[in-house]
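Biologist: I'd like to learn how to read a model like this one. Could you walk me through it, feature by feature?

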Amino acid sequence: MYYVPDGTEICGFYECSECGQRFLSLQMGPTMVCPYCGETVDMEIGPDEEMPVVKETAKLLEIVEGENVEKMDVLLSLAVTGGNYEWI
Ligand SMILES: [Zn+2]
């Protein structure tokens, strides 16, 4: 599959409030760092500097389970690759 490994039984369906990207993730917290527009942590920060605050802009829309995981993965990956699809 595109977003999650084959055989995934349950995953989170997220939408980013910053870039609008929708995606599936094995994480299922209420929010997460967007993998598309989220800031990567700067590794060159010195030990005395504060860690940058990474914004968790992706919000959990729903938990997807069972065979719906594969359906959602196909629908979302078609959207990304430019295919036509109809929302369920
Ligand atoms: Zn984003």
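**Reading the model**

Modeller: Let's start with Ile-63, which is partly exposed at a relative accessible area of 35%. The scale goes like this: buried is under 20% relative accessible area, exposed is over 50%, and partly exposed is in between, using a 1.4 Å probe and protein chains only. Before we go on, this is a predicted model, where local features need pLDDT of at least 70, side-chain atom pairs count only at pLDDT 80 or more, and totals for chains, interfaces and linings use all residues. Residues are numbered from 1 along each chain as its sequence is written, and side-chain values use heavy atoms, with hydrogens and water left out.

Biologist: In which strand does Ile-63 lie?

Modeller: Strands are DSSP runs of E, at least two residues, numbered from the N terminus. Ile-63 lies in strand 4.

Biologist: In what order do the strands form the sheet?

Modeller: Two strands pair if DSSP finds at least two bridges between them. Here four strands make an open sheet, ordered 2-1-4-3, with antiparallel pairing. Strand 2 and strand 3 are the edges, each pairing on one side only. Strand 3 is joined to strand 4 by two bridges, and Thr-31 sits opposite Lys-59 in strand 4.

Biologist: What coordinates the zinc ion?

Modeller: Donors are N, O and S atoms within 2.8 Å of the metal (3.2 Å for Na, K and Ca); water isn't among the atoms, so sites may look incomplete. The zinc ion has the SG atoms of Cys-16, Cys-19, Cys-34 and Cys-37, at 2.3 Å. Along the chain their spacing is C-x2-C-x14-C-x2-C. Cys-19 is in the loop between strand 1 (10-16) and strand 2 (22-25), and Cys-37 in the loop between strand 3 (31-32) and strand 4 (58-65), so the pair ties together parts 18 residues apart in sequence.

Biologist: Are those two buried or partly exposed?

Modeller: Cys-19 is partly exposed at 39%, and Cys-37 is partly exposed at 33%.
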